[in-house]
Amino acid sequence: MKLGVRGKLFVISLFLIVIAVLPAGIFLEHRLRNRLENEIESGLMRHARSACVFLEIADSENRIESMDPIADRLGRAANARTTIIASSGQVLGDSSLSISDTKNIENHANRPEIAEALRTGTGSSRRYSTTLGTNMLYTAHKYTNTTGVGVVRMSVKLSDVDRAVGRFRLTLLLGALVILGFATLLGGLASHFYTRNLKKLVVSASKIAEGRSKESIPVRSKDEIGGLIGSFNRMQAELSQLVSSLAHERDRFEAVLEGMDDGVLALDVERRITHINAKAIELLGLQKPPLGKTILETVRIPTLAELIDNVTPVGSKSTEFLIHANQPKRLRAMATAQRSHEGMVVVLHDVTELRRLETVRKDFVANVSHELRTPVSIIKANTETLLNGALDDPTHAKTFTEAIYRHAERLSQLISDLLDISCIDSGKLKLDLQPVALKSVLGDCLEAMQTAARQKNMSIQADIHPDQIVRADKKALHQIMFNLLDNAVKYTPAGGNIKIQAVSDNKRVRVEVQDDGPGVAPSQRNRLFERFYRVDTGRSREMGGTGLGLSIAKNLVESMGGHIGNHPADPQGSVFWFTLPV
């Protein structure tokens with residue numbers, strides 16, 4: 001059982017009282033026993049001396065028949081066992097024995113007190129009496145009369161002394177119990193008042209540890225407890241200030257972590273996750289914070305686990321890996337060991353878009369280089385042919401010149417599209433959004449496409465109501481519709497049909513351009529709006545396409561808050577559509 005401060009003080013007080021009272025009782029009992037025995041011995045000696053005086057003046061023979069009655073009378077008078085012994089050691093009389101028993105008693109010459117009395121005049125001893133079967137106190141005194149020398153011995157049982165000492169011990173024990181009771185009461189009161197402030201200190205410390213109290217304890221004394229309470233109050237104030245400061249720093253730190261675009265994980269020395277922000281949970285595709293788990297227990301990414309295991313105390317290490325969570329992502333992880341060598345911090349950065357843009361940039365440069373090389377090479381070859389003599393041949397000169405013009409036009413269109421793409425990507429394209437009538441813009445586009453459509457004997461039907469108004473930039477809308485119509489005319493075979501219609505609701509207008517050409521394979525449909533992507537590369541180049549028209553249309557539509565797409569037509573062909581706000 002655990003004792004509190006009050007219990008310990010009480011036990012200590014009780015122990016001190018017992019330690020103080022017990023030796024005192026033992027000492028007093030010893031002194032009392034010695035004093036009682038000495039007083040009894042002195043009384044017996046006086047009685048023995050008086051008996052000797054009586055025997056010295058009495059005229060009695062040293063016979064048992066004469067001495068035993070005298071011993072009986074002296075024993076009754078002294079209230080003690082009286083024995084008269086001759087110098088030879090023969091017992092002449094004994095107040096505790098009859099005459100017949102006295103005659104049969106052994107010789108007492110070897111008794112210590114008898115021998116001492118015969119030698120010095122008096123003697124005493126304490127020993128066990130075989131005759132009476134108890135401890136006895138003996139005193140002896142020598143006498144001399146006309147019949148010779150003898151000894152009068154008087155004795156009492158020490159059990160009387162034991163009873164007296166027992167009564168004293170009982171009295172002492174009762175007194176000690178009374179004193180102990182008062183001492184216990186006083187000790188309890190003292191410990192109560194002494195530990196009252198300590199209890200308040202403990203309760204206050206518990207509340208502070210649980211964060212439920214910031215109140216200080218009043219100091220009511222100037223002793224050590226008062227000093228302790230004062231020190232505790234100062235410590236409490238400093239601790240409250242420190243906790244408040246740490247809480248503020250923690251909140252600010254968590255706000256910074258939660259506001260980061262990068263994922264952050266903190267690991268302890270056993271490589272278990274102790275902190276993770278929301279971005280890291282999102283990047284790793286987790287449902288809840290995996291606190292207390294290792295990386296391999298959280299996500300099965302050996303590359304990341306190997307990075308963490310190989311981090312050195314000095315410096316940082318990084319790696320990239322692909323994770324298939326909600327959707328495939330490429331993440332870059334950087335692990336840095338803490339200076340205290342008690343853990344590390346891992347920062348995760350989503351580089352999916354960056355790597356995609358790098359790929360797009362590489363593909364864009366390669367495609368542009370390829371697209372520019374073809375017309376430049378043709379123009380250069382035709383020019384060299386003209387310079388080498390074909391210029392003087394009217395028939396061939398015209399053919400080469402038309403080829404140069406055609407590819408120069410293609411080169412001009414490619415440069416124009418590239419400029420449009422660059423303007424859109426750099427954010428320099430300024431759109432003037434205002435109400436625009438679809439039918440008027442479509443009329444301009446149809447007028448520009450009439451020649452190409454007439455050459456291929458195509459039929460173009462438009463079903464757009466004059467009241468259909470969209471919120472758009474007129475120039476951008478013209479470019480979008482022209483690109484879609486241009487694609488439809490180029491890829492629709494001679495004698496084909498093109499249908500244009502617009503359907504509106506309360507929020508958006510959907511414009512569809514439908515042709516009855518060969519259509520687009522399902523595997524290619526998702527890439528139609530990529531830059532430089534062509535369904536039929538050779539045919540597109542033959543028709544003068546740059547592979548940028550649909551990509552430009554997509555960027556313009558989305559910049560104006562709309563969407564663009566493609567789906568197959570029934571029974572054949574393709575439908576290109578886009579939506580814009582009413």
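**A walk through a sheet and a core**

Let us start with strand β6 (residues 263-268), which is joined to β7 by three bridges, the two running antiparallel. Strands here are DSSP runs of E with at least two residues, helices are runs of H or I with at least four, and both are numbered from the N terminus. Within this pair, A266 stands opposite H275 in β7. The model is predicted, so local features need pLDDT of at least 70 and side-chain atom pairs count only at pLDDT 80 or more, while totals for chains, interfaces and linings use all residues. Residues are numbered from 1 along each chain as its sequence is written, and side-chain values use heavy atoms, leaving out hydrogens and water.

Now step back to the whole sheet. Its five strands form an open sheet in the order β7-β6-β10-β9-β8, with antiparallel pairing; two strands pair if DSSP finds at least two bridges between them. β7 (273-276) and β8 (316-324) are at the edges with a single partner strand each, so one side of each has no neighbour in the sheet. From one strand to the next, the twist averages 25°.

Helix α9 (residues 302-309) packs on this sheet, touching β6, β8, β9 (328-337) and β10 (343-350); contact means heavy atoms within 4.5 Å. The direction of α9 makes about 165° with that of β8, where axes are lines fitted to C-alpha atoms, for helices over the stretch in contact, and angles run from 0 to 180 degrees between N-to-C directions.

Nine bridges join β9 to β8, with M334 as the bridge partner of S318. Seven bridges join β9 to β10, and R332 stands opposite H349 there. In a regular strand the side chains alternate between the two faces of the sheet. In β9, the covered face has K329, L331, A333, A335 and A337, and the uncovered one has P328, R330, R332, M334 and T336.

Further along comes helix α13 (residues 474-491), whose N-terminal end is capped by D473: a side-chain oxygen of D473 lies 3.2 Å from the backbone nitrogen of K475.

Which residues touch the most other members of the largest nonpolar core? Of its 41 residues, they are L438, L477, M481, L485 and F578. Such a core is a set of buried (under 20% relative accessible area, 1.4 Å probe, protein chains only) Ala, Val, Leu, Ile, Met, Phe, Trp, Tyr and Cys residues joined through side-chain atoms within 4.5 Å. Its largest share, eight residues, comes from α13.

Key
A polar contact is a pair of N or O atoms within 3.5 Å; within protein, one must be able to donate a hydrogen and the other to accept it, and residues adjacent in sequence count only if both atoms are side-chain atoms. Buried means under 20% relative accessible area, exposed over 50%, partly exposed in between (1.4 Å probe, protein chains only).
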